[in-house]
Amino acid sequence: MNTTLRRLSTVAMAMFLALMVSTTWIQFVTAGELNEDPRNFRNIYSELGRDRGPIVVGGEPIVTSEEVDDDYKYQRVYSGGDAGAASVYAPLTGFFAVTGTYTGLERFANGYLGGEDDSLWLDRLQNLITGEEAQGSSVELTIDPKVQQAAWDALGDYTGAAVALDPKTGAILAMVSKPSFDPNSIAVHSAGDATAAYNELLNQKPRVNSEDGEVRRSTYGPTINRTINATYPPGSAFKLLTSAAAIEYNGVTPDSEIPAEVVYQLPGTTGPNGQVGNFGGETCDPSGKMTLKRALAISCNTAFLDLANEVGKDGMQRMFKDFGFNESIDVPMTTTIGAYPGLIGGDEDDDSAARISLSGIGQGSVRMTPLQVAMISAAVANDGDLMEPYLIQSVRDSDLELVSQTKPSRYKSPFSSSTADALTEMMVEVVNDGSGEGAQIQGVQVAGKTGTAEDNPRSPTLWFTSFAPTDDPQVAVAVVLENGGQSTNETTGGALAAPIARQIMQAAISR
């Protein structure tokens with residue numbers, strides 16, 4: 001072979017090699033990235049041109065795909081319209097848009113709904129052999145429609161959220177976030193209209209109360225699922241965690257007497273700027289001390305400021321982490337982590353004694369989601385074992401054959417059963433003869449805790465968390481009313497949030 005032929009063959013081989021490398025790179029290395037690129041309309045046509053599986057609640061589909069005569073072949077339909085089930089379920093179902101944007105279950109259960117999950121390989125193989133059109137699987141939720149509707153109705157016109165769990169399994173029975181939206185407005189087959197509808201929702205930040213009289217808007221819009229992705233100062237609801245740490249690590253009991261002064265001076269501070277008092281400037285007890293049980297029942301701030309200081313940074317941080325509040329959970333949507341001084345999400349550089357003390361009443365840099373607050377009550381209800389929250393009960397293929405079913409699993413064990421018993425005793429006192437009397441249910445023993453969290457300059461955010469019945473817990477609940485109160489006894493968590501929780505618990509117990 002002469003020199004010219006050798007050079008020509010070398011060039012040809014190099015070109016073939018470059019072609020092979022380029023093709024391999026596109027088809028294998030970057031295939032996933034290209035498929036997920038929102039500009040890849042071929043992928044969007046493929047996704048919407050498939051009979052996507054339904055999302056099912058209580059045996060009835062709340063999201064379906066209907067055949068239509070256009071390039072997309074199928075239209076995603078969210079049941080009930082703006083005034084019905086679409087609003088009730090929208091923050092958890094999310095939406096599937098032609099722009100390539102999809103949220104909520106439509107995103108996090110996409111593998112099942114689109115028929116592409118690894119567990120559906122046999123179905124895909126059969127479709128390949130028979131030439132039949134691929135179909136998605138149905139996703140059946142743990143949501144109880146009766147409990148969901150009760151939570152929706154009870155929240156009324158408040159901006160806020162409510163979540164209900166089965167404390168024995170972790171199954172999510174209700175997940176309501178307000179304000180809500182109509183996914184049908186985004187699921188249209190016009191990219192321009194879908195984008196316009198979505199952008200309009202992003203700008204709809206509801207007005208919330210403010211102590212200074214200024215017009216203020218919520219941090220979160222209607223597309224945010226407030227139960228798992230919005231964080232708020234938990235206020236006095238956090239006193240349950242402070243109590244758990246004191247009982248578990250410091251040997252305190254419900255009957256232990258603890259300091260309860262009129263005003264508490266935060267450690268390391270001097271003067272009035274470091275002084276914290278009780279709600280409305282009230283005195284917890286003329287003697288300046290009281291039992292832990294009674295302090296929780298009337299939600300005495302100064303007692304829990306001192307208690308958190310006694311537990312200390314290590315103990316308070318440990319209990320927060322033992323609950324897993326510094327971690328995300330896939331329910332399957334990914335939850336937002338909580339915030340605590342010295343930990344990721346909180347004031348990482350400020351875990352001073354003053355900050356730890358202030359955290360004892362759920363103030364300062366402490367932030368939690370409603371799901372996390374419900375998990376505190378669920379752990380107490382389940383003897384100290386916290387079950388992992390989940391939203392998908394089962395998945396069935398297009399032939400209704402069972403593909404997968406969620407098995408309840410323990411997530412964390414933040415404290416002992418004896419600590420759970422002590423907390424239950426104290427939470428019962430809150431409802432029977434304390435700040436949570438609005439949650440009482442005739443003939444049913446309820447355990448609960450109120451919260452009225454300062455969120456300056458906005459009005460207080462109101463909380464109530466609870467479980468019932470105490471002898472055989474069926475439901476654990478958390479309710480939050482975003483900046484829904486004022487600094488008066490008539491607009492506290494006990495006055496406004498507790499009755500909402502009561503209605504949710506009644507619906508769950510009567511199932």
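How many bridges pair E18 and E19, and is the sense of that pairing parallel or antiparallel? In this predicted model, strands E18 and E19 pair in the antiparallel sense, and they do so over seven bridges. The chain that holds them has 17 helices and 19 strands, and buried residues make up 52% of its 511 residues. Among contacts between residues at least 6 apart in sequence, 68% join residues that are at least 24 apart, while the accessible surface of the chain comes to about 22100 Å², with 48% of that area belonging to carbon and sulfur atoms.

**Strand E19 and its partners**

- E18 (458-468) and E19 (475-481) are joined as a hairpin through six residues, and within this pairing the bridge partner of Thr-465 is Ala-478 in E19.
- E19 also pairs with strand E5 (residues 160-165), again in the antiparallel sense, over six bridges, and here Gly-160 has Leu-481 of E19 as its bridge partner.
- Seven of the seven residues of E19 are buried, so this strand is largely enclosed by the rest of the structure.
- In a regular strand the side chains alternate between the two faces of the sheet. In E19 both faces are covered, with Val-475, Val-477, Val-479 and Leu-481 buried on one side and Ala-476, Ala-478 and Val-480 buried on the other.

**The nonpolar core**

- The largest nonpolar core has 135 residues, and those with the most contacts inside it are Leu-141 and Val-479.

- Six strands form an open sheet with mixed pairing, in the order E3-E2-E1-E4-E14-E15; its edge strands are E3 (74-78) and E15 (402-405), each of which pairs on one side only.
- On average, and with direction ignored, neighbouring strands of this sheet are turned by 25 degrees against each other.
- Strand E14 (residues 392-396) runs antiparallel to E15 and is joined to it by three bridges, and Arg-396 has Leu-402 of E15 as its bridge partner.
- Helix H4 (residues 85-93) lies across strands E1 (55-57), E2 (60-67), E3 and E4 (138-141), and it runs at about 80 degrees to E2.
- Eight of the nine residues of H4 are buried, so this helix is largely enclosed by the rest of the structure; among the buried residues are Val-88, Tyr-89, Pro-91 and Leu-92.
- Gly-94 follows H4, and its phi is positive, near 70 degrees.

**The disulfide**

- A search of the whole structure finds one disulfide, which joins Cys-284 to Cys-300 with an S to S distance of 2.1 Å.
- The link of Cys-284 and Cys-300 is right-handed, with 100 degrees about the S-S bond. This pair links distant parts of the chain, 16 residues apart, with Cys-284 in the loop between strands E11 (275-277) and E12 (289-291) and Cys-300 in the loop between helices H12 (292-298) and H13.
- Buried or exposed, what is the state of Cys-284 and Cys-300? Both Cys-284 and Cys-300 are buried.

**Backbone features to inspect**

- Most residues other than glycine have a negative phi, and most peptide bonds are trans.
- The peptide bond from Val-331 to Pro-332 is cis, with omega near 25 degrees, and Pro-332 lies in the loop between helices H13 (301-322) and H14 (353-359).
- Ala-468 and Pro-469 are also joined by a cis peptide bond, for which omega is about -20 degrees, and Pro-469 is found in the loop between E18 and E19.
- Asp-383, in the loop between helix H15 (370-381) and strand E13 (386-387), has a positive phi near 60 degrees, and at 46% relative accessibility Asp-383 counts as partly exposed.
- Leu-400, in the loop between E14 and E15, has a positive phi near 65 degrees; at 59% relative accessibility, Leu-400 counts as exposed, the cut-off for that class being over 50%.

Key. Residues numbered from 1 in each chain as written. Heavy atoms only, no water. Helix = DSSP H or I, 4+ residues; strand = E, 2+ residues; numbered from the N terminus. Buried < 20%, exposed > 50% of the residue type's maximum accessible area, 1.4 Å probe, protein only. Contact = heavy atoms within 4.5 Å. Areas by Shrake-Rupley, 256 points an atom, 1.4 Å probe, with all protein chains shown as cover. Pairing = 2+ DSSP bridges. Axes fitted to C-alpha atoms, helices over the stretch in contact; angles between N-to-C directions. Core = buried A, V, L, I, M, F, W, Y, C linked by side-chain atoms within 4.5 Å. Disulfide = S-S within 2.5 Å.
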